[in-house]
Amino acid sequence: MVSTEDLDYPQIILQYSNGFLVSKVMFTACELGVFDLLLESGEPLSSDAIAARLGTSTTGMERLLDACVGLKLLAADLTQEGALYRNTEISNTYLTKSSPKSQYHIMMYYSNTVYLCWHYLADAVREGRNQYERAFGVSSKDVFGAMYRQICDLGGGGGALARECVSLYPNSTVTIYDLPKVVQMAKEQFIPPEERRIAFHEGDFFNDSIPEAELYILSKILHDWDDDKCRQLLAKVHKSCKPGGGVLLVESLLNEDKSGPLETQLYSMNMLVQTEGKERTAAAYSKLLEAGGFREVQVKRTGKLYDAVLGRKS
Ligand SMILES: C[S@@+](CC[C@H](N)C(=O)[O-])C[C@H]1O[C@@H](n2cnc3c(N)ncnc32)[C@H](O)[C@@H]1O
């Protein structure tokens, strides 16, 4: 029952309205690397030092840090030079990338995917359908392939995409295929045990067999590998793929003349320092797909960070 006090000061209503502000503060601190920096530095840092190390404005960073203190995600020690910020135990454990119990990737999924779709909640209720296309400029059916029931997410990591697939397509089952240690983590952290339409397969996609499926999703996989390895993997996928099925690449596409987008060019530099791969153009992915045996290649540029390239097995 609502008390008269509640009617004078509607605490619960204010709390509900602020809910998304709280989430976004936490997501933003994760995305900008605040918790990772404070873990790595091993000592409390001032907001100016954090802003300088993370390349942000000082005014914005100070407010973000103070809000995180309010949320008990950070603690501040007051010194003569001003506040010095450090992680709380809960942030060290759950919000840093390197922690074995890290929730970082699911936070980024919420921030970059779920949050954008929720912006269109009223439209979703009005129309009774998902708002993926409004949010991302590409239909979820284009991305996930409505006609495919048996999907294998190769290198599926934490399972964010797999969860999206099963929630959009009640008739689909998704197998998350990844290295054993990644699958173990995904099982523990990300997938609710009640989710029956998600299965796991531990394996090395270069050296072990790949299960049969109608659609293979390779999201941010090929950009890790050189052309030879990509051709090898795609040929293997083609062999396991059911006739009429296909492979969907989710990658950030470079312009054909490689003039941009800047973020993709920077990712490609990152691939140089971290992996054997690179970011590629749509034509380069099409060539790799065709070398692997796939035909009827379709490219969907989304205007966002990640694009889709689909190849079919005839
Ligand atoms: C860049 S992450 C992409 C994760 C996810 N697909 C996404 O879109 O966020 C690459 C994934 O490939 C997995 N991976 C790397 N080498 C692998 C291999 N040889 N066999 C299976 N999975 C592999 C990694 O463990 C990681 O989860």
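Helix H7 carries a kink of about 35 degrees centred on tyrosine 110, where the bend is the angle between axes fitted to the seven residues ending at a residue and the seven starting there. The model is predicted, so that local features need pLDDT of at least 70 and side-chain atom pairs count only at pLDDT 80 or more, while totals for chains, interfaces and linings use all residues. Residues are numbered from 1 along each chain as its sequence is written, and side-chain values use heavy atoms, with hydrogens and water left out.

H7 spans residues 104-118 and reaches 20 Å from its first C-alpha to its last, close to the 21 Å expected at 1.5 Å a residue, the expected span being 1.5 Å times one less than the number of residues. Helices are DSSP runs of H or I with at least four residues, strands are runs of E with at least two, and both are numbered from the N terminus. Among the buried residues of H7 are Tyr104, Met107 and Cys117; buried means under 20% relative accessible area, with a 1.4 Å probe and protein chains only.

Around the ligand there are 14 residues, each with a heavy atom within 4 Å of it.

| Residue and atom | Ligand atom | Distance |
|---|---|---|
| Aspartate 178, polar side-chain atom | oxygen | 2.6 Å |
| Aspartate 204, polar side-chain atom | nitrogen | 3.0 Å |
| Phenylalanine 205, backbone N or O atom | nitrogen | 2.9 Å |

The protein covers 75% of the 600 Å² of accessible area that the ligand has on its own, by the Shrake-Rupley method with a 1.4 Å probe.

Methods: Polar contact = N/O pair within 3.5 Å; in protein donor to acceptor, adjacent residues only side chain to side chain. Buried < 20%, exposed > 50% of the residue type's maximum accessible area, 1.4 Å probe, protein only.
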